Amino acid sequence: SNHMRKLEQEINIHDIDARKISGAVNEPDILCRALKTAGLSCPQDVDKTLIQAWTLFRRLHQEKRIDEAMCRFVEKTEFAAISKHGDRALRAASFDWPGLSKAEDAPAGAAGALRRLDGLVGMSNVKAQIEQLAAHVLVAKKKAEAGLPVEPDTLSFLFLGNPGTGKTTVARILAQTLRELGALKKGHLVTAHRGTLIARYLGQTAPLVTETFMSALDGVLFVDEAYSLYTADSSDDDYGREAINTLTLLMSEYAGRIAVIFAGYAEQMDYMLTSVNPGLRERFVYKITFEDYSEDELLEIFLRRAQTAKLEFEKGGVPVIRKTIAQMYANRDARFANARMMDNLFQTLTGIQETRLASELRCGSKMEKAALARLTVKDCKNLLESKTWRYATTERRPIGFALKANSKRIKITG
């Protein structure tokens, strides 16, 4: 705050040195102060782990305000430290939480990115196409170095599939692969959607799209639910058409310097692309279809979550989880979120376990590591009573009313 007040004069004349502002924000210091206020000690050697945990935590709780997220982070850290070590001294192991996958620990380099891709569950078709693209980029680079003519790549992709099929995850891996192969200088990922590209007033959409596009230059622009940019029955379709046309022009102008991914449902994407411009679909060179996960693959994803969190199922627990997922799979509909649903289910299960552990700790129980890592059969059975499972297995009905036939009075049901 003091630093920002000193910059007030510069702000008034619109002359700001961004390095001064970023230098004033010391995340490790802020986090350590918050943790110390809660009575936790924060040794200097855990700073790096602390920042990694905070970054991953914020990624999972993007909908929360920064102050609310900070409070939740401190509470979770405090509980982890006390339950794992019995004191308030933070260690690197204190941040080994369920659901926080250490994506940053993946091997560096294009080969490391492809190994990470290969390690994902399922996706045989996706893996084959990404590996083929990587081979093409590598060979094209060698040809250029040898003096052979090489056309600049138009790195435009259609990622087609239902929610939770890994589109965003593969986009991150693709960005890392293209950076390490030298196809993109930065290889960062910028995520956009209708809310960040369509302006509220006439004439503001094109500049907004251009600003977002330029922020992704030398990296990857991932447009999630891209089909929502244009809806023919909406009064805003002129704005959506303007956004898509602006993106198309920029893609042509900066070919070779950016990768653009349009992601969404296959049918809606096809309708949007052909409605705005019949030739627009052909501008996307790479079309990758993400298939829904099978029941066995969903179970594997769930069990991998538990393995990453170093949690172990009590004998008889896995069959209960298998039954739970089988019923969710049988009742799935177009809104079924695949791996994302498994994330939600796993978070619900760990919440059930933590509630049980907290109750036992309040009663004075001293727990060993094995007890803290155990998921009991009762935990798994309680999952069947959770709102997450009940929502996923409830038969979906269209919103509205149905009239019962063969009745003198009209009965409204639904």
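1. Helices here are DSSP runs of at least four residues, numbered from the N terminus. With that in hand, you can find Thr-212 in helix H11, which covers residues 205-215. Please keep in mind as you read that this is a predicted model.

2. Let's stay with Thr-212 for a moment. Is this residue buried or exposed? Its relative accessibility is 13%, and because buried means under 20%, Thr-212 counts as buried. What does Thr-212 touch, once its neighbours within four places in sequence are left aside? Its contacts are Val-190, Ala-192, Thr-196, Leu-197 and Leu-221.

3. Now for the overall picture. The protein has 19 helices and nine strands. Of its 414 residues, 39% are buried. The exposed surface comes to about 23,600 Å², with carbon and sulfur atoms supplying 51% of that area. Take contacts between residues at least 6 apart in sequence: 70% of these join residues at least 24 apart.

4. After H16 comes Gly-364, whose phi is positive, near 90°.

5. Next, the aromatic rings. A pair of aromatic rings is described by the distance of the centres and the angle of the planes. The whole structure holds eight aromatic pairs. One of them is Phe-157 with Tyr-286, a stacked pair with 5.0 Å from centre to centre and 20° between the planes. Phe-157 belongs to strand S1 (residues 155-161) and Tyr-286 to strand S5 (residues 286-290), so this pair ties together parts that are 129 residues apart in sequence. Phe-157 has a relative accessibility of 1%, so it counts as buried. Ring pairs also join Phe-157, Phe-159, Tyr-286 and Phe-290 into a cluster.

6. Compare the geometry of another pair, Tyr-227 and Tyr-265. This pair is tilted, with 5.7 Å between centres and 50° between planes. Both partners sit in loops: Tyr-227 between strand S3 (220-223) and helix H12 (237-253), and Tyr-265 between strand S4 (259-264) and helix H13 (266-276). They are 38 residues apart, and the pair links distant parts of the chain. Tyr-227 counts as buried because its relative accessibility is 17%. Elsewhere, a ring meets a charge: Arg-332 lies over the face of Tyr-329, at 3.8 Å from the ring centre.

7. On to charged partners: the count of salt bridges is eight. Which residue pairs with Asp-218? The partner is Arg-257, and their closest N and O atoms are 2.8 Å apart. Asp-218 lies in the loop between H11 and S3, while Arg-257 lies in the loop between H12 and S4, 39 residues away. Asp-218 is buried, at 9% relative accessible area, whereas Arg-257 is partly exposed, at 36%.

8. Glu-300 and Arg-304 also meet in a salt bridge, at 3.0 Å from N to O. Both are in helix H14 (residues 295-308), four residues apart, about one turn of the helix. An α-helix has 3.6 residues a turn, so residues three or four places apart point the same way. Glu-300 has a relative accessible area of 35% and is partly exposed; Arg-304 is partly exposed too, at 31%.

9. Finally, two more places to look. Arg-179 and Glu-180 form a salt bridge, with 2.9 Å between the closest N and O atoms. Arg-356, Glu-360 and Asp-379 are linked in a network of salt bridges.

Definitions and conventions. Residues are numbered from 1 along each chain as its sequence is written. This is a predicted model: local features need pLDDT of at least 70, side-chain atom pairs count only at pLDDT 80 or more; totals for chains, interfaces and linings use all residues. Side-chain values use heavy atoms; hydrogens and water are left out. Helices (H or I, at least four residues) and strands (E, at least two) are DSSP runs, numbered from the N terminus. Buried means under 20% relative accessible area, exposed over 50%, partly exposed in between (1.4 Å probe, protein chains only). Contact means heavy atoms within 4.5 Å. Accessible areas come from the Shrake-Rupley method with a 1.4 Å probe; for residues, only the protein chains shown count as cover. Rings of Phe, Tyr and Trp (its six-membered ring) pair if their centres lie within 6.5 Å; planes under 30 degrees apart count as stacked, over 60 as edge-to-face and the rest as tilted. A charge sits over a ring if NZ of Lys or CZ of Arg is within 6 Å of the ring centre and within 35 degrees of the ring normal. A salt bridge is a side-chain nitrogen of Lys or Arg within 4 Å of a carboxyl oxygen of Asp or Glu.
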